[in-house]
Amino acid sequence: MKDVKEKLGESDVQHGPFSNRVFLMKLDERDFPGIIQRLDELAESQKYTKIFAMIPKYARDAFAADGYAEEARIPGFYRGEVDGFFMGRFLDDARREEGKADLVKDVVEKARAKARPRTEVSLPPGYEWRLTTSEDAPQMAEVFEEAFGSYPVPIFDPDYLREQMDGGQLYFGIWEGDKLVSLASPYIDEKDLNGELTDFATLEDYQGKGFAGFLMLRMEEEMARRNIKTSYTFARAYSYGMNIAFARNGYTFSGTLTNNVNIASGGMESMNVWYKHL
């Protein structure tokens, strides 16, 4: 049931019944504009109800002509120079409708009210942070499972996490002694010079200690070291805590992806897009 990642031509896509969608993660210009029809055909063959595409400015009008609507936009998303457009095409009217519109609006308003420039955050006494290793995979899987309950890819599987780390994926963790209590991960694109901050997970008994904000700054430092220009995230649109954490760290809200992914609640959730130029 988990989503799969594969190539569609030379472009990167993720799709599956779990989130009931096709996600164009990275468009290769050699596939444009033919990929628009290929995405339609894939969605139709699998009876998916949404296609979500992250695309550069040159492709926006062609996707819009096929029925895609702009859900969010990040200036300078590609190499700090070209705007990125986050476009959604709904193949089911029910999925198009946001069932918690008032909550989404309130979350964004309260987060924006707490916006401020970047400030340093320290860990409380008794905690330390470091990058995870393969030996940490069982604890990592447990933290992710408690935090999310469901997820599009198998992050509850220690072997999957080990494969990710072996492939170069970084995970930043906070420990209380030998106990892993909080995690997050940056998905860094060193070609387009952007990075997604994701997989924020903190055990329930340890929430409210500022761990997300602390890990956010550590991941930004790593991305800046690699000359990454833009940091961004998809934050659960119904979660006050994560949206406030990004606003407090100087991120700008840029739109909501409606009913975009199956995560945490075991059902479809909308995601808010936040970004910051590093």
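This report covers aromatic pairs and ring–charge contacts in a predicted model.

## Aromatic pairs

The model holds 21 aromatic pairs. One of them joins Phe77 and Tyr78. Their ring centres lie 5.0 Å apart, with 85 degrees between the planes. That geometry is edge-to-face. Both Phe77 and Tyr78 are buried.

Phe86 and Phe234 make another edge-to-face pair.

## A link between two strands

Phe86 belongs to strand β6, residues 82-90. Phe234 belongs to strand β11, residues 230-236. The pair therefore ties together parts that are 148 residues apart in sequence.

Both partners are buried, Phe86 with a relative accessible area of 0% and Phe234 at 16% relative accessibility. Phe234 counts as buried because the cut-off is under 20%.

## The cluster

Which residues form one aromatic cluster? They are Phe23, Phe52, Phe77, Tyr78, Phe86, Tyr232 and Phe234. The list includes Phe77 and Tyr78 as well as Phe86 and Phe234.

## Charges over rings

Lys100 lies over the face of Tyr238, 4.7 Å from the ring centre. Arg130 places its charged end over the ring of Trp175. The distance to that ring's centre is 3.8 Å.

Notes:
Residues numbered from 1 in each chain as written. Predicted model: local features only at pLDDT ≥ 70, side-chain atom pairs only at ≥ 80, totals over all residues. Heavy atoms only, no water. Phe/Tyr/Trp six-rings, centres within 6.5 Å; stacked < 30°, edge-to-face > 60°. Buried < 20%, exposed > 50% of the residue type's maximum accessible area, 1.4 Å probe, protein only. Helix = DSSP H or I, 4+ residues; strand = E, 2+ residues; numbered from the N terminus. Lys NZ or Arg CZ within 6 Å of the ring centre and 35° of its normal.
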